[in-house]
Amino acid sequence: MASDGNEIVLIDLPSRDPRKTWSYNPWKTRLLLNFKGLPYKTEWVEYPNLRPRLEPNITPPPADDPYTSPTIQLPSGEYIMDSWAIADYIEASYPSPPLHLKSEYLTRLRTILTDLMTPLRAVFVPLVPKRILTEESIPYFVRTRTEDLDGIDLEIWAKEKGGDSAWQQAEPHFKQVTAMLKENEGRYFMGETVSYVDFVWAANLLFFRRIGEDVFQKALEISGDGKAHEELLEGVKVWAERDDH
């Protein structure tokens, strides 16, 4: 799909019907594009088609073949891959309204997210093909994630490493995020000022909700204050409404 005029193309991963954004990294980019008010359209690309779609346009190839979504195609024809690189470019090119990319909260959240999401992979990765992916993407997703686990079946991994044990490992890190979110008066990390850190965390919450209400409610339960996270989602709701085109 070619870019048209001043329109950005957002390459996103489709879900089964009703087709909507689901993965947390594309969510980050969609939220910031909506926040900036930039004209864009969505190109839905299935997992096995990402490499053939992006390889001719992104050189040299990234290490370990991670051709990923989100990627954006600019009106100039240039491609930018990775949500963090996209945020840097968009902020530099369209500085208003500001994303506050140098906020200490963003730095702190990025550090916490690795510890928080790593144990939860055993919860959400096995559920993605069950609950979200289309038939076209399921075989690719299962094969590549099984390879990442050195051949361990996803269902076995979920039983051994997921469940309550995974949530218990993630709980102190969730509570760290909650404490950060409550440091200032207001629903956002920076109080009444919305910034990219809000979109980064909201993207994870929206991802949990898309996997299933059971996963989302469990996340709120271990957070220490689910209301604070629900208020954040309410605060970014206007930028999360466009999720299917």
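The structure holds 15 aromatic pairs. Take W84 and Y196. Their ring centres sit 5.7 Å apart and their planes meet at 85°, so this pair is edge-to-face. W84 belongs to helix α3 and Y196 to helix α8, so the pair links parts that are 112 residues apart in sequence. Both W84 and Y196 are buried.

Next, Y105 and F189. This aromatic pair is tilted, with 6.5 Å from centre to centre and 45° between the planes. Y105 is in helix α4, while F189 is in the loop between α7 (163–181) and α8, so here the pair ties together parts 84 residues apart in sequence. Y105 is buried, and F189 is buried too.

There is also a cluster. W22, Y24, F124, W167, F174, W201, F207 and F208 form one aromatic cluster.

A word on what we are looking at. This is a predicted model. The chain has 11 helices and 4 strands. Its C-alpha trace spans about 45 × 45 × 35 Å along the principal axes. How does the radius of gyration fit a compact globule? For 245 residues, such a globule would come out near 18 Å; the chain has 18 Å, so the two agree.

Now burial and contacts. Of the 245 residues, 52% are buried. Take the contacts between residues at least 6 apart in sequence: 73% of them join residues at least 24 apart. The chain exposes about 11,500 Å², and carbon and sulfur atoms supply 48% of that area.

On to helix α1, residues 24–36. Is α1 enclosed or open? Buried here means under 20% relative accessible area. By that cut-off, 11 of the 13 residues of α1 are buried, so the helix is largely enclosed by the rest of the structure. The buried residues include P26, W27, K28 and R30.

Backbone next. Two cis peptide bonds to show you. One joins S69 and P70, with omega about 10°. P70 is in the loop between α2 (50–54) and β3. The other runs from S96 to P97, with omega near -5°. P97 is in the loop between α3 and α4 (104–131).

That α3–α4 loop also holds H100. H100 is not a glycine, yet its phi is positive, about 55°. H100 is partly exposed, at 29% relative accessible area. D82 is not a glycine either, and its phi is positive at about 95°. D82 is in the loop between β4 (79–81) and α3. Its relative accessible area is 35%, which makes D82 partly exposed.

Last, the annotation. An unreviewed UniProt entry places "domain: Glutathione S-transferase UstS-like C-terminal" at residues 114–215. In the model, that span is 74% helix and 0% strand. The end C-alpha atoms of residues 114–215 lie 18 Å apart.

Methods: Residues are numbered from 1 along each chain as its sequence is written. This is a predicted model: local features need pLDDT of at least 70, side-chain atom pairs count only at pLDDT 80 or more; totals for chains, interfaces and linings use all residues. Side-chain values use heavy atoms; hydrogens and water are left out. UniProt positions are given in the numbering used here, feature names are shortened, and annotations may be inferred rather than shown by experiment. Helices (H or I, at least four residues) and strands (E, at least two) are DSSP runs, numbered from the N terminus. Buried means under 20% relative accessible area, exposed over 50%, partly exposed in between (1.4 Å probe, protein chains only). The radius of gyration is taken over C-alpha atoms; the globule rule is 2.2 Å times the number of residues to the power 0.38. Contact means heavy atoms within 4.5 Å. Accessible areas come from the Shrake-Rupley method with a 1.4 Å probe; for residues, only the protein chains shown count as cover. Rings of Phe, Tyr and Trp (its six-membered ring) pair if their centres lie within 6.5 Å; planes under 30 degrees apart count as stacked, over 60 as edge-to-face and the rest as tilted.
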